[in-house]
Amino acid sequence: MACHSGCEGPVLHPAGSNLNWLKLMTMATSNEVIPDFSDLVLLPEDLELTKQMNELGLPLSFHTTKERNQKRKMVLTDLNLLDEALGLHNQKDKPWPLCGRFVLVEDCVDTSGAFVLHHILKRSLTSHPSSSLIFLALSHPFSHYDRILRKLGCNLAAPRDNGRFSFIDMLMLQCPDEGKPNHAGLAAIFEKIERVISTLHPDNKKFVTVMIDDISLLEVAANGSSNDVLDFLHYCHTLTSEYGFAFVALDHKDIYLNEERPALILEVKFLADILVNAEPLATGLAKDVHGQLMVLNKDTQHQHGISSIKIHNFHFKIKENSVEYFFPGTITMS
């Protein structure tokens, strides 16, 4: 066909010229091999369309919102934001990166942070064949955690039978009479932890994690003495420096209104190397988002005597057999 200027050569048919032009430009911005269009003559309406799109700042190739969300979801599926915030995403240099560190998980009545404990519990037992965990249970029995971890793909019975998982059940702990201190009670609990450590196989002492599922119930065991609880936590914290163990504990920050409570919280936060804060959404309840996590990680690598602090903020959704983590605005509300 002849073009409007009188030259000869193939031209794009008017009926589909715009679409063909967009397809050509899309190929030019991709990795596809572009065929030889040296003898191609474009119609004036094609050039006019390109000019109008440039003036409006519109791209010459399009991706629908659905396509963008699908690609974004594929990327986030392979990325565990909690692992990245805790420093567990790269275990090449250190099989269990939490060794020698204290992780404090804080939650509230509206948003439970127990799923963070479950995640660390699973990761600690699967990080290395020689890893072991000592679990001080004040809130739930073994069957409760075994049921949850089975849903996450981890069987607690196997590491318990081979000595890698020690479950210290404190649910039947005898509390003292009202008004009497319980120094001996908390000291006896720490002695139990030390006895378990002494019975561990030498191969299982390389990567040890000590976990407490509810600090607030320690106050009940101490008959409300925050000082005794703080002393106990200090003893547990020494395990991180003396043996290089990891220490993980969960606390409820909003269930006490007494004046001593804030002092205990501030002291424990000061000791923590990593603070994980589980909170509800500021905008209220949502079907597809169950809450938000703020992870404050004090970097152990010091430069010029100054330690860096990394802060991670992201949302989460608790499912039947997993927990999904994502940045705000990166999922489509159903």
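Helices and strands here are DSSP runs, numbered from the N terminus. The close-ups below all come from a predicted model.

**View 1. Ser132, tucked into strand 2.** Start with Ser132, which sits in strand 2 (residues 131–137). Is Ser132 buried or exposed? With a relative accessibility of 1%, Ser132 counts as buried, because anything under 20% goes in that class. Its side chain reaches out to the backbone oxygen of Asn204, at 2.6 Å. Setting aside neighbours within four places in sequence, Ser132 also touches Arg164, Leu200, Phe207, Val208 and Thr209, along with Asn204 itself.

**View 2. Helix 5 crossing helix 6.** Here we look at helix 5 (residues 114–126) and helix 6 (residues 142–151), whose axes come within 11 Å and cross at roughly 75 degrees. That angle makes helix 5 roughly perpendicular to helix 6, because 65 to 115 degrees is the range for that label. Which residues meet at the crossing? Helix 5 brings His118, Leu121 and Lys122, and helix 6 answers with Tyr145, Ile148 and Leu149. Sorted by type, the residues of this contact come out as four nonpolar, one polar and one charged.

**View 3. The buried residues of helix 6.** Staying with helix 6, we find Phe142, His144, Tyr145, Asp146 and Leu149 buried. What do the buried residues of helix 6 pack against? Their partners are helix 5, strand 2, helix 7 (157–161) and strand 3 (165–169).

View 4. Searching the whole structure turns up 14 aromatic pairs. Take Phe165 and Phe167: their ring centres are 6.2 Å apart and their planes are at 50 degrees, so this pair is tilted. Phe165 counts as buried too, because its relative accessibility is 2%.

View 5. For another aromatic pair, turn to Phe314 and Tyr325, with ring centres 5.9 Å apart. Their planes are at 90 degrees, so the pair is edge-to-face.

Conventions
Residues numbered from 1 in each chain as written. Predicted model: local features only at pLDDT ≥ 70, side-chain atom pairs only at ≥ 80, totals over all residues. Heavy atoms only, no water. Axes fitted to C-alpha atoms, helices over the stretch in contact; angles between N-to-C directions. Helix = DSSP H or I, 4+ residues; strand = E, 2+ residues; numbered from the N terminus. Parallel < 35°, antiparallel > 145°, perpendicular 65-115°, else oblique. Contact = heavy atoms within 4.5 Å. Nonpolar A, V, L, I, M, F, W, Y, C, P; charged D, E, K, R; others polar. Buried < 20%, exposed > 50% of the residue type's maximum accessible area, 1.4 Å probe, protein only. Polar contact = N/O pair within 3.5 Å; in protein donor to acceptor, adjacent residues only side chain to side chain. Phe/Tyr/Trp six-rings, centres within 6.5 Å; stacked < 30°, edge-to-face > 60°.
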